[in-house]
Amino acid sequence: MAPGHILEWMTRYSTEPIDKEAYKQRFDRFYARFARLYDALVRMLPFWRRWLSRAVPHIRGPRVLEVSFGTGCLLTRYAGAVEAHGVDLNPRMVAVARRNLRRAGLAADLRRGDVEALPYPDGTFDTVVDTMAFSGYPDGHRALAEMLRVLKPDGRLVLIDVGYPTDGNRPATWLTRLWMLSGDLIRDMDALFAAFDLDVSHEAIGGWGSTRLWVATRPPPARG
């Protein structure tokens with residue numbers, strides 16, 4: 001295969017799964033089995049903590065929702081400064097996150113729930129945070145739409161996940177492809193944001209450019 005064809009193959013985006021419920025349940029079972037190990041790994045891997053910490057400067061209150069918060073590593077970085085809420089599909093992750101918050105002397109309203117049906121009214125939050133989870137959702141358009149629904153006009157979505165590097169460098173491209181081969185869904189996030197007419201900034205924050213931070217602002221309603 002010629003080098004150009006190899007690069008084209010390497011940078012293909014995922015297709016959405018046909019059986020979305022089966023995909024969701026497979027990820028849920030995996031994280032239920034390894035919740036405590038996941039928590040330990042996040043604590044032991046400094047680069048992972050650095051990636052998550054890049055979200056903190058973009059979080060603004062007073063009301064903040066973190067979707068798919070895992071074991072609460074990022075929550076413990078900001079929960080004391082805002083009214084913090086969280087939703088995660090996996091009950092074991094919720095339990096571990098609650099324990100970690102208690103140990104840190106912090107409080108947050110944590111619920112078990114699905115990103116595709118967030119248990120909040122429209123326009124509830126000033127910031128919605130989602131880190132290293134979006135590529136595990138079976139329906140990207142629906143997940144993004146639901147996060148935007150609970151966001152206030154002029155509110156901010158802060159999202160960190162894996163994507164192809166903008167400069168096309170090979171290490172980051174290979175890393176992104178490995179994420180895809182492991183089962184994650186690699187999407188064209190810039191095109192997805194554009195479909196919702198959002199004001200978006202983005203930057204590479206790790207993995208030679210394969211880990212990216214997007215900050216999207218929901219425009220205020222037009223005045224008639």
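Contact is defined here as heavy atoms within 4.5 Å. By this criterion, residues 24 or more positions apart account for 70% of the contacts in the protein with a separation of 6 or more. The model is predicted, and local features therefore need pLDDT of at least 70, side-chain atom pairs count only at pLDDT 80 or more, and totals for chains, interfaces and linings use all residues. Residues are numbered from 1 along each chain as its sequence is written, and side-chain values use heavy atoms, with hydrogens and water left out.

The protein contains 9 helices and 7 strands, where helices (H or I, at least four residues) and strands (E, at least two) are DSSP runs numbered from the N terminus. Along the principal axes, the C-alpha atoms fill a box of roughly 55 × 55 × 35 Å. The radius of gyration, taken over C-alpha atoms, is 17 Å. This value agrees with that of a compact globule of 224 residues, which would be near 17 Å; the globule rule is 2.2 Å times the number of residues to the power 0.38. Of the 224 residues, 49% count as buried; buried means under 20% relative accessible area, exposed over 50%, and partly exposed in between (1.4 Å probe, protein chains only). The protein exposes about 11300 Å², of which carbon and sulfur atoms supply 55%. Accessible areas come from the Shrake-Rupley method with a 1.4 Å probe, and for residues only the protein chains shown count as cover.

The interior was described in terms of nonpolar cores, each a set of buried Ala, Val, Leu, Ile, Met, Phe, Trp, Tyr and Cys residues joined through side-chain atoms within 4.5 Å. The largest such core has 29 residues, among which Leu 75, Tyr 78, Leu 110 and Met 132 touch the most other members. Two or more residues are given to this core by each of α4, α5 (75–78), α6 (91–103), β5 (151–162) and β7. A second, separate core of 25 residues includes Leu 65, Phe 125, Ala 143 and Leu 148. Leaving aside neighbours within four places in sequence, Leu 110 is in contact with Phe 69, Leu 75, Gly 86, Val 94, Ala 97, Arg 98 and Leu 101. Thr 71, in the loop between β1 and α5, is buried with a relative accessible area of 1%. With the neighbours within four places in sequence again set aside, the contacts of Thr 71 are Ala 35, Tyr 38, Asp 39, Met 93, Val 96, Ala 97 and Asn 100.

Helix α3 (residues 35–44) provides the largest share of the patch, 3 residues. Phe 30 belongs to helix α2 (residues 20–33) and, at 45% relative accessibility, counts as partly exposed.

The structure holds 11 salt bridges, a salt bridge being a side-chain nitrogen of Lys or Arg within 4 Å of a carboxyl oxygen of Asp or Glu. In helix α2, Lys 24 and Glu 21 are 3 residues apart, which separates them by about one helical turn; their side chains meet in a salt bridge (3.8 Å, N to O). Lys 24 is buried, with a relative accessible area of 12%, whereas Glu 21 is partly exposed at 43%. Another salt bridge pairs the side chains of Glu 116 and Arg 142 (3.7 Å, N to O). Glu 116 lies in the loop between β3 (109–112) and β4 (125–131) and Arg 142 in helix α7 (residues 140–149), so this pair ties together parts that are 26 residues apart in sequence. The side chains of Asp 190 and Arg 212 also meet in a salt bridge (3.4 Å, N to O), linking helix α9 to strand β7 across 22 residues. Asp 190 is partly exposed at 32% relative accessibility, and Arg 212 is buried at 7%.

Backbone geometry was examined last. Most residues other than glycine have a negative phi, and most peptide bonds are trans. A cis peptide bond joins Gly 61 and Pro 62, with omega about 15 degrees; Pro 62 is found in the loop between α4 (46–53) and β1 (63–67). Asp 197 has a positive phi, near 55 degrees, and is exposed, with a relative accessible area of 60%.
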